Amino acid sequence: MNLNFSNLVPNQQESFKYTPTLIKQVIEKGHFTPLGQQTDEYFKYQHFMNSLVEQTSFKDFYTPEQFWMAFENQDLPKGFQASWVLKDSVFCKDKLKRAFCWPESLKNFLLGNCDKILKINVQSGFVGDLSLLMPLIGSGQGFILELEPGAKLSLKLEYAQFGKELFGSSLWVNLAPDSELNFLETVRGDVFSARGLWVDLEQGARFFHEIKAQGPKYFRNQLGVMLLGQNAQAHLKGAFDQQATSFCENETWIGHQVPRAYSNQEYRALLKDEAQFVFKGHVKIEPDAVESQTHQLAKALFLSPHVTANLKPYLDIECDDVIATHGAAISQLQEQELFYLQSRGLNEQKAKALLESAFLEF
Amino acid sequence: MLLNVKNLKAQIDGKQILKGLSLQINAGEVHAIMGPNGSGKSSLSKIISGHAGYEVTEGEIEYEINFKMKNLFELEPHERAQEGIFLGFQYPVEVPGVTNMMLLFESYNAIMLRQGVEPMAQDEFNKVVQQKAEFLGIKEDYLYRGVNVGFSGGEKKRNEILQLLVLNPRLAFLDEIDSGLDIDALKVVSKGVNFFKNKNNAVVLVTHYQRLLDYIKPDFVHVLSDGQIKVSGGMELVHKLEKQGYDWL
Ligand SMILES: Nc1ncnc2c1ncn2[C@@H]1O[C@H](COP(=O)(O)OP(=O)(O)OP(=O)(O)O)[C@@H](O)[C@H]1O
Ligand SMILES: [Mg+2]
């Protein structure tokens, strides 16, 4: 299966912001033709796009492709710009270097079979939100997101898996001084993907990132954050609700390069059946990064004897004057808590459900 | 009769705790249970509410449901609560992530469902809870915090009384509801219990001190020692214990 998303041929006359009805229309009218042919793959793809309407929790959203088309049709909300960047351009190669922690083999995987990647710019003064849907139909998709100074964006991103292959995607984010990105990523049960997210923060920029993983078959969150400017803040959290043979790997790299930046990360995994969860946190505080503050915490709640969690928070501090904490905890449902709830009239099932969802709400 | 405990013997982890305990409680009564540390008071409360850790080796507990005495051991812990048994914990448990309001709402509606009463809508319910909280001097933001999380000892006890007033059980077994309370808090908690009690329900107060019983007048006082009720009487027993301790038993 090798669909090339960048070869989809759009119909220029339509408004391409995805709404459930629009998606249906677009598909019915056959506006997208992968590789220009109506092959079996194409019909499968049509079916897939159709199913997106039911699957997503979004009301309005864009895929990266649709975002581009809306731009071309001058249909984007004010404050957004779009362009394509070639993967073998200097710009992209430079970005790829930023993915300092990917092994070479994985870098190629990220490039995948797309030759270009969408770049979204959010202009200074912008305050608003954007929902993106990323159909995982091949490796190497993703986008570059740049917030200009002072821009403020709430971004929601959801993945939709096409087929059963493992696909990799990569997102590069640059946050200019005093910009703020609130980023919520939802990873549903069908997802089978490794995703790299690389974020550079300039002075005073704020990055809030949250992953809600709803039992993906496989999901690898590779998240690199570079705190390049003073008073930059990164708040990272993730709630992994995993059952069956769901396998999630959560690997973060946080670089404190300048004084007085802040990073905080908390990841929790609720593990049922034979689910597996890995957390590796790497925080590096460079010699100059005085008065840095960093916290990392990983927690796993075991609800079956057959689950595994591997929690490794790691700190590398080359500077004296910092506040740093890290911790990891594996626990089971607390009998006392359960009994307390039961003694208030909740049956065992209800009490457990309440404690489980409480664990993931934080 | 509301509750009839007959010759109850129970153990935990192989250790015999209750050694033939009998106790009868009628609606409309207030009972006080006093006794040395480790004598089995909290164990009794947990066995009544269905804690799985205890093994009952002999005896029985009957509880009145719809005018019939029923074997309490046939009910699961949550069913006992739904039938009107409330345990005020000596050490109220912290439940992070579940707010007070959420727990109260779930509990209340679970109980109403069993009783065949229409559940209350959240808005309406919130008002009821707010009013009770105000009565007990509990600030509104406490209602939206994790159950007992970060609460002081006294705040936790007050919170148990809030649950008591909202859930309105028929049998309230309050285990050291006075421990850790300052004088004002003791008055508030007593006010709550006195407001709660009526001729259709019963209150059991486990306590070490006379002070609580000056505020909430017991009809009966029992001394539990070494897994048995050794003596029963009235307030005069409390005065005697206050003066002489437990040595004379
Ligand atoms: N899990 C357990 N394993 C063994 N012994 C236990 C266990 N739980 C309680 N006990 C013992 O049971 C006895 C009775 O305990 P209980 O808590 O009922 O006493 P209490 O009368 O409430 O005391 P206090 O006045 O200090 O609250 C104690 O000796 C206690 O150590
Ligand atoms: Mg006790």
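Just after helix α1 of chain B, G50(B) takes a positive phi of about 100 degrees. Helices and strands here are DSSP runs, numbered from the N terminus: H or I over at least four residues for helices, E over at least two for strands. This is a predicted model, in which local features need pLDDT of at least 70, side-chain atom pairs count only at pLDDT 80 or more, and totals for chains, interfaces and linings use all residues. Residues are numbered from 1 along each chain as its sequence is written, chains are lettered from A and ligands numbered from 1 in the order in which they are written, and side-chain values use heavy atoms, with hydrogens and water left out.

**Magnesium site and helix α1 of chain B**

- The magnesium ion (ligand 2) is coordinated at 2.0 Å by S42(B) through OG and Q90(B) through OE1. Donors are N, O and S atoms within 2.8 Å of the metal (3.2 Å for Na, K and Ca); water is not among the atoms, so sites may look incomplete.
- S42(B) sits in α1 (residues 41–49), while Q90(B) sits in the loop between β6 (85–88) and β7 (95–99), so the pair ties together parts that are 48 residues apart in sequence.
- S42(B) is buried at 18% relative accessibility. Q90(B) is also buried, at 17%. Buried means under 20% relative accessible area, exposed over 50%, and partly exposed in between (1.4 Å probe, protein chains only).
- Of the 9 residues in α1(B), 8 are buried. Among them are K41(B), L44(B), I47(B) and I48(B).

**Strand β12 of chain B**

- S232(B) belongs to strand β12 (residues 228–233) of chain B. S232(B) is partly exposed, with a relative accessible area of 46%.
- Leaving out residues up to four places away in sequence, S232(B) touches V221(B), H222(B) and L237(B). Contact means heavy atoms within 4.5 Å.
- From S232(B) to G50(B), the C-alpha to C-alpha separation is 25 Å, and the two are 182 residues apart in sequence.

**Helix packing in chain B**

- The axes of α3 (residues 100–115) and α5 (residues 153–167) of chain B come within 10 Å and cross at roughly 30 degrees. Axes are lines fitted to C-alpha atoms, for helices over the stretch in contact, and angles run from 0 to 180 degrees between N-to-C directions.
- On the α3(B) side, the meeting residues are N100(B), L103(B), L104(B), S107(B), Y108(B) and I111(B); on the α5(B) side, they are N159(B), L162(B), Q163(B), V166(B) and L167(B).
- The residues of this contact between α3(B) and α5(B) comprise 7 nonpolar, 4 polar and no charged.

**Positive phi outside glycine, chain B**

- D13(B) is not a glycine, yet its phi is near 45 degrees. D13(B) lies in the loop between β1 (3–12) and β2 (15–25) of chain B and is exposed, at 81% relative accessibility.
- E176(B), also not a glycine, has a positive phi of about 50 degrees. E176(B) lies in the loop between β9 (171–175) and α6 (183–196) of chain B and is buried, with a relative accessible area of 10%.

**Chain A**

- Chain A has 7 helices and 17 strands. Of its 362 residues, 56% are buried.
- In helix α6 (residues 335–342) of chain A, 6 of the 8 residues are buried, so the helix is largely enclosed by the rest of the structure. The buried ones include L338(A), F339(A) and Y340(A).

Note on methods. Ala, Val, Leu, Ile, Met, Phe, Trp, Tyr, Cys and Pro count as nonpolar, Asp, Glu, Lys and Arg as charged, and the others, Gly among them, as polar.
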